[in-house]
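Dear colleague,

I am passing on the structure below, and my notes on its rings and its nonpolar cores follow. Please read them with the model open beside you.

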Amino acid sequence: MSFGSLTIYPFPAVQYIPLPVATISQGPIPNLNFKTASPLIITSKELKQWQNKLIQEFGLDISRVWSSDSFPILGLNCLVEEVKYRSYFVTMVGKAVSDYYHYFYIPKRYLYKKKLFFELYDRDSAKKIARYSLFMQESIG
């Protein structure tokens with residue numbers, strides 16, 4: 001048995017680890033930026049590199065500090081409603097929301113691979129609306 005859409009979750013439900021989405025902050029993007037109008041996912045490794053750009057171009061001053069057991073994720077132009085993990089894939093379901101950001105974290109302890117692929121699917125259409133790849137020198141957990 002799957003979770004519903006075979007496009008989003010092609011494997012049996014028992015093979016996925018549901019992860020809680022702990023929202024840090026969310027809301028309208030203060031400075032509209034037409035360079036990044038489609039949904040975009042940025043994770044912990046690159047959030048620090050994006051800090052200046054987020055402040056200058058988007059008017060977003062997100063927290064630079066998070067606990068060592070959390071894995072922060074920033075979604076631009078989207079809202080993430082659920083996250084499930086399987087092997088190399090962090091599958092997220094939500095929706096595209098123009099000029100909106102969602103900053104949240106998931107528990108880091110479940111992410112045991114050195115390579116992770118984040119995919120955000122639209123809840124209604126099952127269309128992939130964003131993707132992000134993370135390659136680490138060492139495992140995350």
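A charge is taken to sit over a ring if NZ of Lys or CZ of Arg is within 6 Å of the ring centre and within 35 degrees of the ring normal. In that sense Lys113 lies over the face of Tyr88, at 4.5 Å from the ring centre, and the charged end of Arg86 sits over the ring of Phe11, 3.5 Å from its centre.

This is a predicted model, in which local features need pLDDT of at least 70 and side-chain atom pairs count only at pLDDT 80 or more, while totals for chains, interfaces and linings use all residues. Residues are numbered from 1 along each chain as its sequence is written, and side-chain values use heavy atoms, with hydrogens and water left out.

Aromatic pairs are rings of Phe, Tyr and Trp (its six-membered ring) with centres within 6.5 Å, called stacked if the planes are under 30 degrees apart, edge-to-face if over 60 and tilted for the rest; by this rule there are six aromatic pairs. One of them, between Phe89 and Phe117, is tilted, at 5.6 Å centre to centre with 35° between the planes. Because Phe89 lies in strand E5 (residues 89-107) and Phe117 in strand E6 (residues 115-122), this pair ties together parts that are 28 residues apart in sequence; strands here are DSSP runs of at least two residues, numbered from the N terminus. Phe117 also pairs with Phe135, and since the ring centres are 5.9 Å apart and the planes at 85°, that pair is edge-to-face. Phe135 belongs to strand E7 (residues 128-135), 18 residues from Phe117. Taking buried as under 20% relative accessible area, exposed as over 50% and partly exposed as in between (1.4 Å probe, protein chains only), Phe89 at 37% is partly exposed, as are Phe117 at 26% and Phe135 at 42%. Elsewhere, ring pairs link Phe71, Phe118 and Tyr132 into a cluster.

A nonpolar core is a set of buried Ala, Val, Leu, Ile, Met, Phe, Trp, Tyr and Cys residues joined through side-chain atoms within 4.5 Å. The largest has 19 residues, and those with the most contacts inside it include Ile41, Met92 and Phe118. E4, E5, E6 and E7 each supply at least two of its residues, and the largest share, six residues, comes from E4. A second, separate core of 12 residues includes Ile29, Phe58, Leu60 and Ile62.

With best wishes

Key
Helices (H or I, at least four residues) and strands (E, at least two) are DSSP runs, numbered from the N terminus.
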